[in-house]
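Subject: Structure for you to look at

Hello,

Here is the structure I said I would pass on. Please have a look at it first, then read the notes below.

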Amino acid sequence: MPSLIQDHAVVARLLSAHTPPALAEVRERAYQAFAAVGMPTTKDEEFRYVSLRALDEGGFGPAYGANVDRQETEAAPLGGLDAINVTFVNGQHAPEVSGFDDLPDGVFVGTLADAFAANAERVMAHLGKVATLQGKLGSTNDERFVHLNTAYLGEGAFVYVPRGIALARPIHLRFLTKADHGPLAVFPRVLIVLEDGAVAKVVESYGHLKGVAFVAPVTEIVLGRDANLELTRAQLEGDDTMHVSNTAIHQASGSTITHNNLNLGGRVVRHDVNVWLDGEHTETWLNGASVGRRDMVIDNHTRIDHAKPNCHSFETYKSILDDESTGVFNGKIFVYEDAQKTDAKQTNQGLLLSAKATFNTKPQLEIFADDVKCTHGATVGQLREDALFYLRARGVPKAQAESLLVYAFAAEVFEKVTVTDAKDALEAILFERLGTQA
Amino acid sequence: MLTISNLHARVEEKTILRGIDLTINAGEVHAIMGPNGSGKSTLASILAGRDDYEVTEGSVDFEGEDLLDMDPETRAAEGLFLAFQYPVEIPGVTNSYFLRAALNNIRKHRGEAELSMMEFMKHIRSKVAQMELSSDLLSRSVNEGFSGGEKKRNEIFQMAVLEPKLCVLDETDSGLDIDALKVVANGVNTLRSPERAVLVITHYQRLLDYITPDFVHVLMGGRIVKSGGRELALELEAKGYGFIEEELVAKA
């Protein structure tokens with residue numbers, strides 16, 4: 001048994017204290033499901049490029065809360081956002097650095113624990129029901145890290161926006177790790193529910209204060225009819241963080257999701273986003289940008305299930321890879337038999353800044369309807385010499401010209417973030433990662 | 001200002017320039033004309049610092065410094081500007097951001113204060129109008145989706161903003177209709193001054209109707225084979241490059 005889960009029974013007992021009784025069984029089933037398969041190896045097709053051996057060998061223990069103060073968390077990346085803020089440190093809510101008062105009537109933004117206390121039924125109606133591939137096409141998807149997270153399900157964030165409410169202020173769900181007692185493992189959980197016609201912008205960020213951590217979040221999103229969510233996921237963790245995460249999105253008719261997935265930190269990073277289109281005339285925007293340095297591995301898997309007719313999905317994933325880093329993109333699109341008039345567009349581009357960086361891209365389209373428009377394109381390249389020379393010939397020094405061009409490569413994705421101070425902060429982090437100032 | 005001496009250059013194994021000698025003084029406008037493949041654009045590229053070419057012999061002195069020893073960005077900062085024959089499209093980099101970065105680096109090199117976005121906008125406003133560019137073009141990506149004429153006008157606009165000492169125009173007239181040609185020529189003429197020199201590289205003499213050169217040089221086979229005044233361009237227009245070849249054969 002991996003050391004990672006050997007303390008499961010102890011942790012599960014602690015979680016039972018503040019979670020609905022029904023969850024105990026959910027945790028136990030998930031634990032059994034994970035224990036049965038264990039950690040994937042690179043022999044597993046879905047994890048070919050991601051070596052997670054360190055998780056078995058690294059002595060990761062359960063996380064305990066850590067002391068933090070406002071100064072410390074505000075100094076960390078994305079610390080100063082003007083937003084409704086729910087911050088977790090080592091998986092536990094940190095009320096001293098959070099702020100979520102003065103919400104409009106009926107809106108809930110806070111912890112799962114508080115949400116269970118306030119209205120457990122509302123949470124349980126969706127929790128664990130979105131992040132599943134049961135009844136969906138295909139057999140190659142691997143859900144073991146959803147199981148692993150669910151085995152520890154109990155703490156996390158809950159956002160609920162009732163019918164017709166447009167939330168003016170953005171929400172920042174912030175997960176920080178501070179591993180000052182050896183390597184730790186955390187399993188954050190997020191559930192976002194937008195009822196019919198609700199509108200919200202959420203920044204979901206993963207940051208790092210100290211030490212070695214394994215972070216394995218699951219985020220579930222439920223969008224009612226005509227709901228509109230912009231979710232910017234900023235993974236900004238430390239050089240020693242392993243991050244394996246899953247985002248699952250369920251869209252009803254007429255709803256729109258803009259998912260901006262920015263991977264700017266970590267050592268081994270794997271993220272799956274699965275979208276289930278369960279109504280007509282939906283819009284799905286999946287935007288991704290990642291920056292790999294050193295020997296980082298950044299592996300993005302996306303899956304869009306076009307289960308109903310007349311839905312549009314637009315997907316743009318970009319990888320910037322320097323040093324000896326590895327980038328992976330796997331984009332699955334399933335168009336179900338009934339999903340006529342589907343319009344799905346997938347673009348994936350890799351930019352190699354070093355001769356030792358590698359990029360692996362694999363579009364996987366499975367189409368069972370006959371009247372659909374599905375396109376995909378993947379390119380891998382280096383910085384354009386002609387553009388670099390043009391900038392330099394006008395007086396822009398080489399290093400600045402290079403970072404301008406790298407930024408330009410990723411700009412299309414960063415521009416999708418409309419929470420302005422988040423966008424500015426993320427761009428600054430990007431430039432810093434590229435080793436130059438804007 | 002610029003002294004090119006015995007310049008030889010090749011690309012891969014192919015020798016293109018076979019001994020160019022040319023001196024340009026401040027205040028002068030020179031035109032280099034020549035048939036396709038004579039080495040005109042190679043010369044422009046070498047002056048700007050493109051590294052596809054290997055200089056095998058000779059030297060280029062710019063304001064007392066060894067030009068060939070400088071990075072492209074240093075050449076620009078020292079006051080050399082090349083208007084590209086094929087301006088490059090750079091999606092994702094806006095014109096104004098790029099141009100301010102370029103200008104501020106040049107100013108820094110000269111020991112001048114950098115311009116804020118506001119000061120920069122003030123600096124360029126009249127130049128945008130003069131080149132008949134729409135101001136929304138500033139917020140668009142560099143040359144992306146520009147028409148051929150817009151790209152060339154953008155080159156001259158950038159030149160006006162950066163205020164170089166030596167302007168090199170590489171076939172700026174190619175692909176321009178007569179109206180755009182006048183705008184471009186007008187832009188260049190505005191920049192003419194006793195401190196500044198211009199080198200116009202062109203296949204046709206048409207542009208020289210609007211930018212009157214002091215000297216005209218004919219480049220053939222990698223050498224300047226004939227130099228003269230304004231009238232040489234007209235003679236070339238009337239007789240074609242053939243007559244020079246005949247002259248050369250007769251001399252030999």
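In chain A, 54% of the 438 residues count as buried. Please keep in mind that this is a predicted model.

The overall dimensions come next. A compact globule of 438 residues would have a radius of gyration near 22 Å, and chain A has 21 Å, so the two agree. The C-alpha trace of chain A spans about 65 × 55 × 50 Å along its principal axes.

As for secondary structure, chain A has nine helices and 22 strands. Contacts were also sorted by how far apart the partners are in sequence. Taking the contacts in chain A between residues at least 6 apart in sequence, 83% join residues at least 24 apart.

Two packed helices are described by the angle between their axes and the distance between the axes. In chain A, helix α7 covers residues 385-393 and helix α8 covers residues 398-414. Their axes are 9 Å apart, and the packing angle is about 130°. Angles over 145 degrees would count as roughly antiparallel and 65 to 115 as roughly perpendicular, and α7(A) and α8(A) are therefore oblique to each other. The crossing of α7(A) with α8(A) is right-handed.

Which residues of α7(A) and α8(A) meet? From α7(A) they are Ala387(A), Leu388(A), Leu391(A) and Arg392(A). Their partners in α8(A) are Lys398(A), Ala401(A), Glu402(A), Leu404(A) and Leu405(A). Sorted by class, this contact of α7(A) with α8(A) has six nonpolar residues, three charged residues and no polar ones.

Regards

Key: Residues are numbered from 1 along each chain as its sequence is written. Chains are lettered from A and ligands numbered from 1 in the order in which they are written. This is a predicted model: local features need pLDDT of at least 70, side-chain atom pairs count only at pLDDT 80 or more; totals for chains, interfaces and linings use all residues. Axes are lines fitted to C-alpha atoms, for helices over the stretch in contact, and angles run from 0 to 180 degrees between N-to-C directions. Helices (H or I, at least four residues) and strands (E, at least two) are DSSP runs, numbered from the N terminus. Angles under 35 degrees count as roughly parallel, over 145 as roughly antiparallel, 65 to 115 as roughly perpendicular and the rest as oblique. A crossing is left-handed if the near helix is turned anticlockwise from the far one by less than a right angle, and right-handed if clockwise. Two residues are in contact if their C-beta atoms, placed from the backbone, lie within 7 Å. Ala, Val, Leu, Ile, Met, Phe, Trp, Tyr, Cys and Pro count as nonpolar, Asp, Glu, Lys and Arg as charged, and the others, Gly among them, as polar. The radius of gyration is taken over C-alpha atoms; the globule rule is 2.2 Å times the number of residues to the power 0.38. A residue is buried if 20 or more other C-beta atoms lie within 10 Å of its own, exposed if 12 or fewer, and partly exposed in between; C-beta atoms are placed from the backbone.
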